[in-house]
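Here's a quick tour of a protein model, written for someone who likes cut-offs spelled out. Have the coordinates open as you read.

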Amino acid sequence: MSSLQLLQASPPSQSSSKADNLPSYGLYSCSTMAELKQYHSQIIRLGLSADNDAMGRVIKFCAISKSGDLNYALEVFNEIPYPDAFIYNTIIRGYLQRQLVRNCILLFSQMLNKSVSPNKFTYPPLIRACCIDNAIEEGKQIHAQVFKFGFGADGFCLNNLIHMYVNFQSLEQARRVFDNMPQQDVVSWTTLITGYSHWGFVDEAREVFELMPERNSVSWNAMIAAYVQSNHFHEAFSLFNRMRSENVVLDKFVAASMLSACTGLGALEQGKWIHGYIKKSGIELDAKLATTVIDMYCKCGCLEKAFEVFNELPQKGISSWNCMIGGLATHGKGEAAIELFKEMEKEMVTPDGITFVNVLSACAHSGLVGEGKHYFQYMTEVLGIKPSMEHFGCMVDLLGRAGLLEEARELINEMPVNPDAGVLGALVGACRIHGNTGLGEEIGKKVIELEPHNSGRYVLLANLYASSGRWEDVARVRKLMNDRGVKKAPGFSMIESESGVDEFIAGGRSHPQAKEIYAKVDEILETIRSIGYVPDTDGVLHDIDEEEKENPLYYHSEKLAIAFGLLKTKPGETLRISKNLRICRDCHQASKLISKVYDCEVIIRDRNRFHHFRMGECSCKDYW
């Protein structure tokens, strides 16, 4: 994009007033271009083809209306001898609506060349055009123009400039515009808060939030959403509780953000409360909010409520269907996911790429190899959907879990693009499960080079070596991690109680009830030993990413969370636990026995899927 020519414009041109006392000839009631052209011809017959007021109305319909025709607007524009700022602004807006951002800047240059002075409505669409095109230099020049033409105190222009600099990641410049404003409004504050949080400066966003003289639901949601998007869910809940204490009305945007926070923490009861509030207060359950509610119930381990919300929807959009199919997939209900997909097609809803990611994932989690192959072929050959990296990842996972390692490798080799670390990592994980160290080592080394700063990639290869007793190679991988400064993510588990969401790390003793919790763990272990529990010490050696070896096997984070849950709930109540890593084999076996001895259901959401433990069995049927 060429730089602007910063020319001094002459005083604003005067529009003709011939049309001031004439009727608008129905221009405002036009709904089609055919009607518009009829009125345009009447205006021409009345001798108003050079009148800016009359022609401005014609151009406005053509350039901005959904039924308009920008090319027709440009033809009319080119015939006007002296178009005014309103007409130029209208064409600029028309270009912006069609994402013709270069044209916006060029027309503005033409406007200055013709000595037509911009007004305060000229700059916001120009600034937005610079954002879309990442036109940093042009944006800076337009910033200068805002002040040159006397709009340095206009809040609308300045708020758009703040947004522009945020978009350019020039946060210091955005803050400078903000600080120099004669008066900031809620939009100014909220734009700056959102900008800081978007680029990862959540603490700075909170500082700005606390400086606000007045806050509305939009600004509260901006800060809550900042915490949710950065996975600071506890802080989001704390701020939400403060918001409620200040009697701020909960709108659908805050509700959506908090439902996402509930999803992140596995806070089912809080999610139920928010859903109940939505229903009681009459907040519109539009497609986006409905999908958020369904997603919350699915990811908090309550499929029944998810289905209840899903079935009550008067109209189900593609996002709602996708969410429900995906929920069934993560809960290991592959057959049910496929049935729901078939029902979706019966309802004449066209599946998209996300639909098939969920369907193929459902097949992978449930070992439905034939069905997975069928739907991959159906997607590509019948519906013509081009497979993405995620689709290939699901297929490699499906084939690999089933032990079809060579077939999975062939699929990778036939991919039209180079596989990413996710696709290759799925094959390495399968090699570990099925004991193919040679292939796993070959692919595992490639994965590390693709993502040298991802600790999980090193751990995957180290676990592969550990499963074959190659301890020197394990040590070499650990040393490589240390040399590169790669740190493993700590494992933790969360469980919701009456007081909120409690978090546990392996061997951690910071919880106020640590003494009682550890005593309960010892009691649990003693009880399940009596029915055959034997610690899987081999699993500890292998699963070095899940919990550090030096942490006692008995005090893994999910065992602490289960013990706390048994202390805090009535006999037979369901325990719902979220874990940030994959559950280890020992905890998986222990959880099955705990569900049997204590006659309760234990639902654990790990990094990959849900495990429903009931009566000594797991919903995954040990296929995980």
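## Helices H4 and H5

H4 and H5 are roughly antiparallel to each other, a label given to angles over 145 degrees, with under 35 counting as roughly parallel, 65 to 115 as roughly perpendicular and the rest as oblique. The angle between H4 (residues 85–97) and H5 (residues 101–113) is about 165 degrees, and their axes sit 8 Å apart. Axes here are lines fitted to C-alpha atoms, for helices over the stretch in contact, and angles run from 0 to 180 degrees between N-to-C directions. Helices are DSSP runs of H or I with at least four residues, strands are E runs of at least two, and both are numbered from the N terminus.

Who does the touching? On the H4 side the contact uses Ala-85, Tyr-88, Asn-89, Ile-91, Ile-92, Tyr-95 and Leu-96, while H5 brings Val-101, Asn-103, Cys-104, Leu-107, Gln-110 and Met-111; contact means heavy atoms within 4.5 Å. Sorted by class, that contact has 10 nonpolar, 3 polar and no charged residues. For those classes, Ala, Val, Leu, Ile, Met, Phe, Trp, Tyr, Cys and Pro are nonpolar, Asp, Glu, Lys and Arg are charged, and the others, Gly among them, are polar.

## Ground rules and overall picture

This is a predicted model, where local features need pLDDT of at least 70 and side-chain atom pairs count only at pLDDT 80 or more, while totals for chains, interfaces and linings use all residues. Residues are numbered from 1 along each chain as its sequence is written, and side-chain values use heavy atoms, with hydrogens and water left out.

The protein has 31 helices and 6 strands. Its C-alpha atoms fill a box of roughly 100 × 55 × 55 Å along the principal axes. Of its 624 residues, 52% count as buried, meaning under 20% relative accessible area, with exposed over 50% and partly exposed in between (1.4 Å probe, protein chains only). Among contacts between residues at least 6 apart in sequence, 64% join residues at least 24 apart.

Arg-98 is partly exposed, at a relative accessible area of 31%. Setting aside neighbours within four places in sequence, Arg-98 is in contact with Cys-62, Ala-63, Ser-65 and Leu-70. From the C-alpha of Arg-98 to that of Lys-515, 417 residues apart along the chain, is 64 Å.

Is Ser-578 buried or exposed? Ser-578 is buried, with a relative accessible area of 6%, and its place is in strand S3 (residues 575–579). Not counting residues up to four places away in sequence, Ser-578 touches Leu-265, Gly-266, Phe-492, Ser-493, Met-494 and Arg-605.

## Positive phi in two loops

Asn-134 isn't a glycine, yet has a positive phi of about 50 degrees. Asn-134 lies in the loop between H6 (123–133) and H7 (136–148), and counts as partly exposed at 47% relative accessibility.

Asn-231 also has a positive phi, near 65 degrees. Its loop runs between H12 (217–229) and H13 (233–245), and Asn-231 is exposed, with a relative accessible area of 54%.

## Helices H23 and H24

The axes of H23 (residues 405–413) and H24 (residues 421–434) come within 11 Å and cross at roughly 170 degrees. That makes H23 roughly antiparallel to H24. Contact residues include Leu-405 and Arg-409 of H23 and Val-423 and His-434 of H24. By class, this contact has 8 nonpolar, 1 polar and 1 charged residues.
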